Amino acid sequence: MTSQDSLTSIGAARIAVTALLDGGVRHVVVAPGSRSAPMAYALAEAEAAGRVRLHVRIDERDAGFTALGLALSTEAPVAVVTTSGTAVGNLLPAVMEANHSAVPVVVISADRPEELHGTGANQTTIQLDLFGDHVRFAVDVPAGDHPQKAVATALYAATGALEDTPPGPVQVNLAFRDPLVPADGDALPAAAGHGVFHYDAGPQALNLPAASGELAERRTVVLAGHDAGPVAEAFARAHGLPLLAEPSSNARFGRNAVGPYRVLLAHFGPDSPTPIERVVLFGRATLSRPVASLLARESVVSAIYQPVPVAWYEEGRRRETPIETLPELADFAGRGSAEWLDSWLLAGAAAQHGLDGVLAGEDLANGPSVGATVWEHSRGQLVLGSSNGIRDVDLAGQPHPEPIATVYANRGLAGIDGTIATATGIALGSGRETTVLLGDVTFLHDAGGLLLGHGEPVPDLRIVVLNDSGGAIFSLLEHGAVEDSGAYGTAVERLFGTPHSVGIGALAAAYGVGHQTVSTTAELAAALKSPLKGRTIVEVRVDRSGLRALHARIKEAVSAAVGQVLTAG
Ligand SMILES: Cc1ncc(C[n+]2csc(CCOP(=O)(O)OP(=O)(O)O)c2C)c(N)n1
């Protein structure tokens with residue numbers, strides 16, 4: 001392109017915005033900055049025309065996670081715009097998560113023009129390829145060049161239109177040369193009112209034809225990991241198979257679902273009279289060691305239903321055989337005998353009874369009872385933070401007969417970062433009531449995610465913080481035993497527990513968010529049932545010192561209860 005037909009920065013930005021809108025982008029998260037000013041002005045024009053919804057965030061890390069959340073709940077590509085320099089680097093955690101969870105986040109990083117690179121000019125660095133293999137596509141658009149093709153190709157790649165490539169994040173690095181402001185006489189178009197771009201699929205269930213009686217009877221289980229979808233439930237029901245579903249599978253419901261399956265797997269182990277023979281995996285299972293060891297069992301043959309390319313593992317790196325179609329999967333899985341399904345449902349009911357008995361004996365709330373309560377009262381959308389919260393629901397959350405909420409979790413990399421921002425984006429994208437359950441360390445990691453500037457859209461978001469003053473998960477891992485041994489003194493608590501005494505109520509007040517403290521599951525249930533408008537924090541104060549012992553008691557009670565029914569059978 002010659003200098004005569006070189007575009008002005010605002011002209012290039014308007015073309016880029018049009019290409020984003022043409023590619024289906026309806027939400028853009030914008031972080032403030034000078035180099036990205038042309039994009040900001042062009043986006044302001046588009047918003048005034050009612051064509052896009054903008055969300056302004058100061059912290060780019062939160063901008064990235066907000067975009068991720070918006071993309072998750074709208075099931076559409078969402079752009080995030082930053083200025084040059086470290087601003088772009090702050091997007092990395094959200095881009096990494098979007099990569100592994102196949103979410104179309106479109107990074108628009110503003111850059112300095114080529115003549116300023118390498119000169120020591122302010123806020124100038126290497127921005128293209130900053131995200132390496134975490135993006136499906138990255139392109140540089142030099143200052144003055146026409147960005148339409150680059151943006152269109154990026155959207156194509158982000159939404160999974162490239163062959164054999166799952167959806168995922170992309171980067172368009174747009175260099176802008178001064179002037180970075182609109183021309184004299186340019187102005188916002190007459191306001192057409194705010195566009196409302198909500199996408200509301202709601203929780204779903206579906207039906208599959210009953211399995212043919214000619215299929216072999218097999219002791220198969222259906223394992224529904226993260227993002228398995230309702231097809232996993234329908235498959236289990238159609239084949240008469242037990243359904244072992246993680247909370248963020250969106251398949252943890254229905255008559256075949258076995259809630260506390262995690263504590264039952266050993267009862268159907270290789271040495272039991274009725275060992276599991278086959279596993280059909282939908283989605284990605286990440287939550288528990290018993291499940292990981294089930295998938296590693298020599299005696300178990302497993303398949304994964306994979307109709308489209310996925311981003312979370314590399315071909316040939318897992319034991320399960322990938323199967324693309326449901327008829328082939330049906331042949332592999334066979335059908336469950338009435339005894340096989342009944343033994344699981346019976347054992348599941350006994351385990352739930354044992355578990356509930358232990359929890360009922362506790363006056364104050366604890367992780368598993370909070371997980372069970374949040375699950376029981378969930379509606380709209382539920383976001384589960386990493387660490388114990390999602391595992392507590394996996395252990396203690398009773399499957400509902402029908403799906404009652406759409407469940408989200410950042411299981412791509414299971415980070416404890418950006419959870420408030422992700423939940424905010426999820427809530428804003430659909431406009432539905434949303435509850436997020438997270439630990440106090442996860443909450444504090446993203447306290448900045450509470451920051452919404454004046455006039456920014458406010459989500460209906462209930463933030464349930466399980467505050468046990470530190471990270472409890474490590475005490476349930478090997479580190480709990482190291483701590484109990486006393487060999488490392490207080491180092492385990494300091495290095496893993498990370499205790500603190502931050503006043504969450506004071507923090508909430510500083511950000512202008514409602515707050516209440518509860519300490520029993522009855523109080524929590526009341527808080528969950530109350531109507532929600534705007535944002536509120538429900539802080540559940542719990543003591544983590546007895547958590548290891550509580551889990552041991554649960555295990556014991558479950559084993560006794562399950563042992564009885566399985567022996568009786
Ligand atoms: C970004 C990131 N940093 C560190 C970790 C490691 N990590 C996993 S859980 C956890 C502690 C979480 O504590 P909290 O949120 O209070 O939940 P709890 O363990 O008490 O359930 C940490 C630091 C991580 N997963 N992600």
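Trainee: How far does a backbone N or O atom of Ile473 lie from an oxygen atom of the ligand?

Mentor: This is a predicted model, in which local features need pLDDT of at least 70, side-chain atom pairs count only at pLDDT 80 or more, and totals for chains, interfaces and linings use all residues. Residues are numbered from 1 along each chain as its sequence is written, and side-chain values use heavy atoms, with hydrogens and water left out. A polar contact is a pair of N or O atoms within 3.5 Å; within protein, one must be able to donate a hydrogen and the other to accept it, and residues adjacent in sequence count only if both atoms are side-chain atoms. For the backbone N or O atom of Ile473 and the oxygen atom of the ligand, the distance is 3.0 Å.

Trainee: What percentage of the area that the ligand exposes when taken alone does the protein bury?

Mentor: Accessible areas come from the Shrake-Rupley method with a 1.4 Å probe; for residues, only the protein chains shown count as cover. Taken alone, the ligand exposes 590 Å². Of that area, the protein buries 75%.

Trainee: Which element gives the most to the shell around the ligand?

Mentor: The ligand is surrounded by 16 residues (near means a heavy atom within 4 Å). Helices and strands are DSSP runs numbered from the N terminus, helices being H or I of at least four residues and strands E of at least two. Two or more residues of the shell come from each of helix H14 (440-445) and helix H15 (473-476). With 3 residues, the element that gives the most is H14.

Trainee: How is H1 oriented relative to H2?

Mentor: Axes are lines fitted to C-alpha atoms, for helices over the stretch in contact, and angles run from 0 to 180 degrees between N-to-C directions. The axes of helix H1 (residues 9-22) and helix H2 (residues 37-48) come within 8 Å and cross at roughly 50°. Angles under 35 degrees count as roughly parallel, over 145 as roughly antiparallel, 65 to 115 as roughly perpendicular and the rest as oblique. H1 is therefore, relative to H2, oblique.

Trainee: In which loop is Asp129 found?

Mentor: Most residues other than glycine have a negative phi. Asp129 is not a glycine, yet its phi is positive, at about 70°. Its place is the loop between strand S4 (105-111) and strand S5 (137-141).

Trainee: Which peptide bond is cis, with omega near 0°?

Mentor: Most peptide bonds are trans. Pro179 lies in the loop between strand S6 (170-175) and strand S7 (220-224). The cis bond is the one from Asp178 to Pro179.
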